[in-house]
Amino acid sequence: MTNRRVHIIGAGMAGLSAALQLALSGEKVTVYEAAPFAGGRCRSFLDRELGCRIDNGNHMVLSGNVAVQDYLYLTNALDTMGGPGAPIFPFIDIANGERWTIRMNTGNIPWWVFNKKRRVPGTKLRDYLSVLQVMTASSTDTLAMLNKQNPLYRRFWEPLIVGALNTEPEIASAELLRNIFVQSFGAGGAACIPMIPKVGLSESFVTPCLNVLRQHGAEIKYYHRLRSLLWEKDSVRELDFNGNIVEVAPQDWVILALPVWLLRELLPEVPTPTDFRSIINAHYRVDAPDDGVGFTGMVGGYSEWVFIRNGLASVTISCAERYKDIPVRDMAGLVWKEVAQLLHLDPTRVPPHRIFLEKYATFAATPEQNIRRPAAYTGWQNLALAGEWTATGLPSTIEGALRSGMKAAQVVMRWAEK
């Protein structure tokens with residue numbers, strides 16, 4: 001146990017990841033969170049209108065997400081994750097109702113693309129050579145390079161880009177997609193097994209971590225919104241939480257794991273992303289059987305993914321700016337028609353539902369915004385940054401957020417070695 005204390009501001013995925021690494025390394029840790037709960041955008045809550053718990057966003061991770069795997073292992077939460085247990089991805093084309101399932105083999109060599117029954121219908125082997133464009137892209141390239149006439153584009157590339165990067169393909173960063181691809185499809189089917197929380201995001205990503213933190217003496221303080229930092233030369237000396245002043249000793253460290261717009265208020269001199277994209281999440285109470293997979297990719301409609309779990313159909317609509325002329329309340333009926341088509345239900349009878357717009361869900365994953373992402377180490381003596389918007393090499397994902405927390409923790413621990 002060290003004599004210093006690490007003050008972590010923000011109990012989202014980035015803050016919890018940093019706290020976990022440091023607490024397990026013997027550091028004294030205090031986490032401050034403005035809300036009355038932890039988890040940030042990755043949590044579950046009881047929705048009284050629907051009468052059930054829902055996730056505030058739909059998230060699917062893959063077996064190749066190493067930061068996720070590490071985090072779940074360290075928090076004893078691996079067994080809270082479900083999914084098909086194999087690298088399979090079911091899809092439906094809303095335009096014509098065609099259904100198919102991509103069935104990857106688990107090895108590194110993608111033998112599945114040679115099998116018409118396992119690859120995207122209507123595609124030929126040569127269509128998959130377009131992956132070489134992504135793998136050889138530069139940091140300034142966008143995914144406008146991909147040929148939209150390629151049959152693979154509409155049924156693979158476009159839903160992958162919009163879902164993973166939450167950005168229009170024409171301006172999205174090819175480098176960020178490549179980094180995702182290397183960790184997943186490029187690593188073989190064993191790295192592409194979908195993992196979905198069996199119960200909810202909080203039960204997998206929040207509560208287990210909080211339990212481990214408390215077991216290792218970490219403090220979690222809610223209702224603490226950071227208003228300002230008091231500096232002494234190039235070190236933080238005080239934290240102002242609405243007039244509640246917390247002194248930062250000379251040996252202590254501070255990690256700011258805040259949403260980027262709050263970080264900008266505290267440190268306006270730090271370059272950060274300035275362009276963002278929204279996500280719409282819709283939830284419908286339905287009586288649908290468990291198909292053993294838990295999700296379906298949607299092509300040619302408003303939705304990207306539909307998750308079915310515990311009597312609830314949850315829908316993700318990424319890059320919602322594409323539908324800015326449609327009122328959010330009207331999206332519920334439009335999206336339900338797609339869900340009903342998937343589940344063979346009556347499209348005219350919209351069940352009880354909830355629909356939410358996350359206006360600033362992620363930074364725009366463009367080359368221009370990517371270069372504005374700061375590193376974990378700021379140059380100040382006792383301050384580090386964490387958040388999916390920092391320079392992780394990935395877009396705004398759970399994997400990126402967890403990786404950013406690990407980077408910030410490494411900054412603190414390496415400084416102690418000097």
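## Strand E15 and its partners

Asn 281 has Thr 316 of strand E18 standing opposite. This pair belongs to a predicted model. Strands E15 and E18 run antiparallel and are joined by six bridges. Strand E15 also runs antiparallel to strand E19 (residues 353–363), and eight bridges join these two.

E15 spans residues 276–285, and nine of its ten residues are buried, so the strand is largely enclosed by the rest of the structure.

Strand E16 covers residues 295–299 and is mostly covered, with five of its five residues buried. Phe 295, Gly 297 and Val 299 point one way from the strand, while Thr 296 and Met 298 point the other way; all are buried.

E16 pairs with strand E7 (residues 88–93) in the parallel sense, over three bridges. Here Met 298 in E16 stands opposite Ile 92. With strand E17, by contrast, E16 runs antiparallel, and three bridges join the two. Gly 297 stands opposite Trp 305 in E17. E16 and E17 form a hairpin with five residues between them. In the turn, Gly 300 has a positive phi of about 85°.

## An open parallel sheet

Which strands make up the open sheet, and in what order? There are five, in the order E10-E2-E1-E14-E20, and the pairing is parallel. Strand E10 (219–221) and strand E20 (383–385) stand at the edges with a single partner strand each, so one side of each has no neighbour in the sheet. From one strand to the next, the twist averages 20°.

Within this sheet, strand E1 (residues 5–9) runs parallel to strand E2 (residues 28–32), and five bridges join them. Ile 8 stands opposite Val 31 in E2.

## Helix H2

Helix H2 runs over residues 66–74, and its buried residues include Ala 67, Val 68, Tyr 71 and Leu 72. These four lie on the same side of H2, because they cover an arc of only 130° around the axis.

The face of H2 turned away from its buried side carries Val 66 and Tyr 73, which are exposed. Just after the helix, Asn 76 takes a positive phi of about 55°.

## The second largest pocket

How much space lies in the second largest pocket? The volume is about 510 Å³. This pocket is lined by 30 residues, and the closest to its centre are Pro 197, Lys 198, Ile 308, Arg 309 and Asn 310. The lining divides into twelve nonpolar, twelve polar and six charged residues.

Several elements contribute to the lining. Strand E4 (52–55), strand E9 (194–197), helix H6 (201–215), strand E17 (305–309) and strand E18 (312–317) each supply at least two residues. E4 gives the most, with four residues.

Key:
Residues numbered from 1 in each chain as written. Predicted model: local features only at pLDDT ≥ 70, side-chain atom pairs only at ≥ 80, totals over all residues. Heavy atoms only, no water. Buried < 20%, exposed > 50% of the residue type's maximum accessible area, 1.4 Å probe, protein only. Arc of directions from axis to C-beta. 1 Å grid on protein atoms, 1.4 Å probe; cavity = no way out; pocket = protein on both sides within 12 Å on 5 of 7 lines; lining within 4 Å. Points joined across faces, edges and corners; volume = space filled by probe spheres on them. Nonpolar A, V, L, I, M, F, W, Y, C, P; charged D, E, K, R; others polar. Pairing = 2+ DSSP bridges. Axes fitted to C-alpha atoms, helices over the stretch in contact; angles between N-to-C directions.
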